[in-house]
Structures are given as C-alpha cells and as structure tokens.
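Please consult the sequence and the structure shown below.

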Amino acid sequence: MSQTSQPLDAKVLQQASAWASNDAIWLCTVLHTWGSSPRSPGSLLVARHDGQYCGSLSGGCVEDHFLRQIATGRWTEASQVVRYGDGELAPEVRLPCGGILDVLVEYLPAGTATVDYLQQQLRAVQGYQALAKKLTLPHACHSIEPSDYSGNTVIHCQYPAIDIRMAAAPCLLLAGYSPVAHYCAEFGYALGFEVLLCEPRSEQLQKLETELPQGTRLLPTFPAKYLEQNGCHANTAIVALTHDPRLDDLTMMEAVNTPAFYIGAMGSARNSGKRRERLTRIGELSEAELARIHAPIGLALGSKTPAEIALAIMADIVRVKNLGAQAPISVVQGTLDMQESIREDAASCAI
C-alpha cells in the first residue's frame, strides 16, 4: 500500500517509529468519547518533548494543552488515562457540544524495542494483521499478539485493564466519480470509512476541485491501475458507480484479485448481465470470481434518487461488513433492478 494513500493513524505510527529510534515519545490512543467528538475511539497521536506531534485527538480542541503538559514533565509513567471535558483535567478546555474524551497515554523510551512495538501496530492499521493489545495501568503493554478480528479497532476498558483490538479502519474505494459516488463518499465518511476516490477523467477532476466530498482522498488515476499497483486490505469495499465500462469493467477485473470484503458495480439487471458477459468473454473471470461481484448493487429499497441509491449501496456494504455475505435478509436485490423505464442511456446523468 503506497504511503500517499495511508490513513492518518498509519502516518502517526510511521512518524512515531522514526522518532523512537532516538527520542522518547508519547503515544496517545482515544479510548472513549461522550457527546460530540470529531475523532473516534482508536484514533492516534504521537508527540515529542519538544512539541512536535503527528495525528489528532480532537481535531484541534485539546492538542495545544496536551503538548504544554508534556513540556512540563507530565505523564512519564508507562501508561495512564487522561480525560478532557467534564471539567476534569483542564476546565478551560472545552470540546464541541460539551463532549468528553478519555485518552490512553503511553510513554515509550527510545530504542529498538519501542520501534518494534510500533511497527507491529502499524501493520495492524494497514490491514496486514489484526492485533490484540493488552495493558494494565500504570504499566507498559504486557501482551501484543495477532488476532483473528478483522473489523476496525475496538476497545474494552475495565480499569485498570485495557484491551485494544487493533485493525484497519474499513475502506471505501470508489472507482470513478458520479452523483451516486458523491453521496456514497459522504455516507462512507460519516460511517467511519476511509474514503478513496480514483478518478482519471479530466472533466471530473475539474469538477472535483470544488465538489470533493468531505473526508475523501482523491487519487487522480485509473482505479484498476491503483489496485494493480497497491492492492487493498481485507476490510475494503470496492464499488464502481459510473456506467463507464472503461472504468467499471477494468475495476472489476482487478478487484476480484484482492481480498476486499465487498465488490460491486452499478447498473440495471440488464446492464449487469451484459457486464457479466463481457467479464467472462474478455476478462476470463471464473464463476467464483463473478460470484463475488454485487451487480446489481445495493439493497432493494425502491431507491430512485442518487442519495437514495447511495444509501441502499452503503446499507448493503455495512450489512456484509458487520454480518457477513451469507447473513440472511428478507430482500437483497439491486436497487437499480426495478423499472426498465429508467433509460440506460441517461443513467450517467440521472444517477
């Protein structure tokens, strides 16, 4: 996976590893939030004594105060939990909407042992191997082992015991921009996905200069090329939503070579059948590979507008992520497998 496409927490651990070769560091993990907080549990920040840091705990609300506390010599035990909000640590620091934030602070000395410890966690958030990380306050981590857990990071606290299951955040890779892809990006970001948008077309890139959805990382390249060069981790959903065979078909051909948990392409039952024929004839995909592709895509919600179609797509992605592809549901057909009166030649404009 290329460094340019790394999520923030992977960059935090990369920077932490670089610093820890020569300097002691403070590695901070968001444990719990109450009320409004822009950073979810599992989010990371690393800091040095000189005030340099990478990452975020609250989107800027508490970082300055935290760094000042480090500079005065605070938090030199191996592990401790600090709370912001609720008037506990810094009454003058307010989180949005009265939120409360609990943060695990690990003080890690310089050296190869710390670098190795950080590298294990880096591989977890990159999607190579989930980890179970356990510690008992105020001591250093006493267990960090591979775990079968494949979803995003989950934290359990029964103080002084803290159990962190580290894994890559779910990733939504959008193969090309469209009105439906726009809403999928917005929903995906709100649902905690890392959102990547691969878009090589110059006219769409120009539009995205002003319309890029919040939280979306734009990659100006062909999605199939990106997947060929970078691959993806198992907690990734790959969806093609453009009705452009140059993008959609080639993306599907590469996507089936990845461990992505969800692969899908937008189109009516008729167009999905035509795509299946092309993928068999030109792409030489096997029946097992074709069976991995959700096409038509999404839950059957009777969706008609771009936002409704995107909602149905993301609902199906979340269903498979949380329950597995074989989970029983009452209805699951494509949202576009509805009225053939929806003109296929106008689909790229209408949806």
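## Surroundings of isoleucine 293

Leaving aside residues up to four places away in sequence, isoleucine 293 touches Met252, Val256, Ile263, Gly264, Leu279 and Leu285, where contact means heavy atoms within 4.5 Å. Isoleucine 293 lies in strand 15 (residues 293–294). Helices (H or I, at least four residues) and strands (E, at least two) are DSSP runs numbered from the N terminus.

With a relative accessibility of 13%, isoleucine 293 counts as buried; the term means under 20% relative accessible area, against over 50% for exposed and partly exposed in between (1.4 Å probe, protein chains only). Valine 239 is 54 residues from isoleucine 293 in sequence, and their C-alpha atoms are 9.3 Å apart.

## Basis of the model and the chain as a whole

The model is predicted: local features need pLDDT of at least 70, side-chain atom pairs count only at pLDDT 80 or more, and totals for chains, interfaces and linings use all residues. Residues are numbered from 1 along each chain as its sequence is written, and side-chain values use heavy atoms, with hydrogens and water left out.

The chain has 351 residues, of which 48% count as buried. Its secondary structure comprises 11 helices and 15 strands. Among contacts with a separation of 6 or more, 63% join residues 24 or more positions apart.

## Helix 1 and helix 3

The axes of helix 1 (residues 8–20) and helix 3 (residues 112–125) come within 9 Å and cross at roughly 165°. Axes are lines fitted to C-alpha atoms, for helices over the stretch in contact, and angles run from 0 to 180 degrees between N-to-C directions. Helix 1 is therefore roughly antiparallel to helix 3, a term for angles over 145 degrees, while those under 35 count as roughly parallel, 65 to 115 as roughly perpendicular and the rest as oblique.

Residues making the contact include Leu13 and Ala16 of helix 1 and Leu118 and Leu122 of helix 3. The contact residues divide into 8 nonpolar, 5 polar and 1 charged; Ala, Val, Leu, Ile, Met, Phe, Trp, Tyr, Cys and Pro count as nonpolar, Asp, Glu, Lys and Arg as charged, and the others, Gly among them, as polar.

## Helix 6 and helix 7

Helix 6 (residues 223–230) and helix 7 (residues 245–255) pack at about 15°, their axes 8 Å apart. Helix 6 is therefore roughly parallel to helix 7. Among the contact residues are Leu227 of helix 6 and Leu250 of helix 7.
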